[in-house]
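Look over the sequence and the model before reading on.

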Amino acid sequence: MKTKDYCDNMTAELSGLKSKMDSVVGKFDRAPSDDKKWVIDEVNELHRITSELDNRIKGLKRECV
């Protein structure tokens, strides 16, 4: 497999995962505050993970030209 193909495949895979994570996080973010108070640490961790996925996607796009 060529490097460009690998980078494109990884970018697509991570982008798909990030899209799914964004959907889940969005549902938590729209939930009433009383419902979120029990899972706030987990929701914050999901935000951290989506941010890390975004950074990795940007890195792949930047490095795999």
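Predicted model: local features only at pLDDT ≥ 70, side-chain atom pairs only at ≥ 80, totals over all residues.

Residues are numbered from 1 along each chain as its sequence is written, and side-chain values use heavy atoms, with hydrogens and water left out.

Begin with helix H1, residues 3-30. Helices here are DSSP runs of H or I with at least four residues, numbered from the N terminus. H1 has 28 residues and spans 40 Å from its first C-alpha to its last, close to the expected 40 Å; the expected span is 1.5 Å times one less than the number of residues. The buried residues of H1 are Cys7, Thr11, Leu14, Lys18, Met21, Val25 and Gly26, where buried means under 20% relative accessible area with a 1.4 Å probe, protein chains only. H3 is included in what covers them.

In soluble globular proteins, nonpolar side chains tend to be buried together. Here the largest nonpolar core has 8 residues: Cys7, Leu14, Met21, Val25, Leu46, Leu53, Ile57 and Leu60. Such a core is a set of buried Ala, Val, Leu, Ile, Met, Phe, Trp, Tyr and Cys residues joined through side-chain atoms within 4.5 Å. H1 and H3 each supply at least two residues of this core.

Not counting residues up to four places away in sequence, Leu53 touches Leu14, Leu17, Lys18 and Met21. With the same exclusion, Thr50 touches Lys18, Met21, Asp22 and Val25. Thr50 lies in helix H3 and is buried, because its relative accessible area is 9%.

Thr11 sits in helix H1, and its 13% relative accessibility makes it buried. Leaving aside neighbours within four places in sequence, Thr11 is in contact with Ile57, Leu60 and Lys61. A polar atom of the Thr11 side chain also lies 2.8 Å from the backbone oxygen of Cys7.

What does Cys7 join to in a disulfide? The partner is Cys64, with an S to S distance of 2.0 Å. A disulfide is a pair of cysteine sulfur atoms within 2.5 Å, and by this rule the count comes to 1. The pair links distant parts of the chain, 57 residues apart: Cys7 is in H1, and Cys64 is in the segment after helix H3 (40-63). The torsion about the S-S bond is about -50°, so the disulfide is left-handed. Cys7 counts as buried because its relative accessibility is 4%.

Terms used: Buried < 20%, exposed > 50% of the residue type's maximum accessible area, 1.4 Å probe, protein only. Contact = heavy atoms within 4.5 Å. Polar contact = N/O pair within 3.5 Å; in protein donor to acceptor, adjacent residues only side chain to side chain.
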